Amino acid sequence: MEFGFQTLFLLCGFVSVACVLFICLYLIVSGLPAILEIGVTDFLFGTEWAGRQDKFGILPFILTSVAGTAGAVLVGVPVGVLTALFLAKVAPDAVARVIRTAVELLAGIPSIVYGLVGMIVLVPAIQRAFQLSSGACLLAAIVVLAIMILPSIINVAETSLRAVPKEYEEASLALGATHIETIFRVTLPAARSGVATAIVLGVGRAIGEAMAIIMVSGNVPNMPDSLFTPVRFLTTAIASEMSYASVGSLWQQALYSVGLVLFLFIMLINVILNLFIKRKKEG
């Protein structure tokens, strides 16, 4: 029985690795020909995208994805980490239960519902507040993404904060530090690897989101010149045009190439953040 379960666990591990390798290989085989035909420089640094006219430059999509993810992280990470600190170390049990339930419900809401609420409530509010012709813009996408990454950050960060040994906090309090000083100077630094992992999950959620963003960003292939510009992300480019591209056409292959770039982009960010976390642990 022991050998059988070990074999089962090994097979499950191989299945997980095989799925990742299959996806990677499929994207390379499907997306690389279009990149080679269009030209790496023209594809990655071109500023015009028009599938019906065979213009495939994805620089606006890349910059929009970077700007949208960075904006969502700048807004969502402080709110998420502070909420996790409040739930783990400050809030009374009754209050913590209510907030924790709300966070769990927030995690269970489908992406399309976020987009629907954003389109009905947020987009008109931005339009009225800033006197715009349309409120579907980069700012709306950042706000929606920031809300969507909160559950991942809060849940993982709270678990990490609760895992910090009580002796650390007791020693800090014994030396004369206040409760808040202990939280920010002892507990949070001790849990920084778990908090960093929460941020990685949030970044992955923000980069990979499509359906909610397509409803609030404007879905126009513009350069992200300002927060009020209608834009298109890498994910929304694939979702919005794949059904219109002819099978086997250069347009369809270019969309697969966008998926390949998105996959490599996510892998690069994960590697960088994991190296940063490892270096912090060793330090």
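**Exercise 1.** How many of the 25 residues of α6 are buried?

*Solution.* Begin with the source of the coordinates, which is a predicted model. A residue counts as buried when its relative accessible area is under 20%, and 18 of the 25 residues of α6 are buried, so this helix is largely enclosed by the rest of the structure. Next, consider the length of α6, which reaches 36 Å from its first C-alpha to its last, close to the 36 Å expected. Finally, look along the helix for a bend: α6 bends by about 35 degrees at Ile-149, and Pro-151 follows within four residues.

**Exercise 2.** Find where Gln-131 and Asn-219 are placed, and decide for each whether the residue is buried or exposed.

*Solution.* Gln-131 is found in the loop between α5 and α6, and its phi is near 55 degrees, a positive value in a residue other than glycine. With a relative accessible area of 69%, Gln-131 is exposed. Asn-219 also has a positive phi, of about 55 degrees, although it is not a glycine, and its place is in the loop between α10 and α11. Asn-219 has a relative accessible area of 18% and is therefore buried, since the cut-off is under 20%.

**Exercise 3.** Which helix gives the most to the nonpolar patch?

*Solution.* The patch covers about 730 Å² of the surface, and the residues that make it include Ile-109, Met-119 and Met-211. The helix that gives the most is α5, with seven residues. Met-119 lies in α5 and is partly exposed, with a relative accessible area of 37%.

Key
Residues are numbered from 1 along each chain as its sequence is written. This is a predicted model: local features need pLDDT of at least 70, side-chain atom pairs count only at pLDDT 80 or more; totals for chains, interfaces and linings use all residues. Side-chain values use heavy atoms; hydrogens and water are left out. Helices (H or I, at least four residues) and strands (E, at least two) are DSSP runs, numbered from the N terminus. Buried means under 20% relative accessible area, exposed over 50%, partly exposed in between (1.4 Å probe, protein chains only). The expected span of a helix is 1.5 Å times one less than its number of residues. The bend at a residue is the angle between axes fitted to the seven residues ending there and the seven starting there. Patches are made of residues with over 30% relative accessible area and no salt bridge: like charges are joined within 9 Å, nonpolar side chains (Val, Leu, Ile, Met, Phe, Trp, Tyr) within 5 Å. Accessible areas come from the Shrake-Rupley method with a 1.4 Å probe; for residues, only the protein chains shown count as cover. A salt bridge is a side-chain nitrogen of Lys or Arg within 4 Å of a carboxyl oxygen of Asp or Glu.
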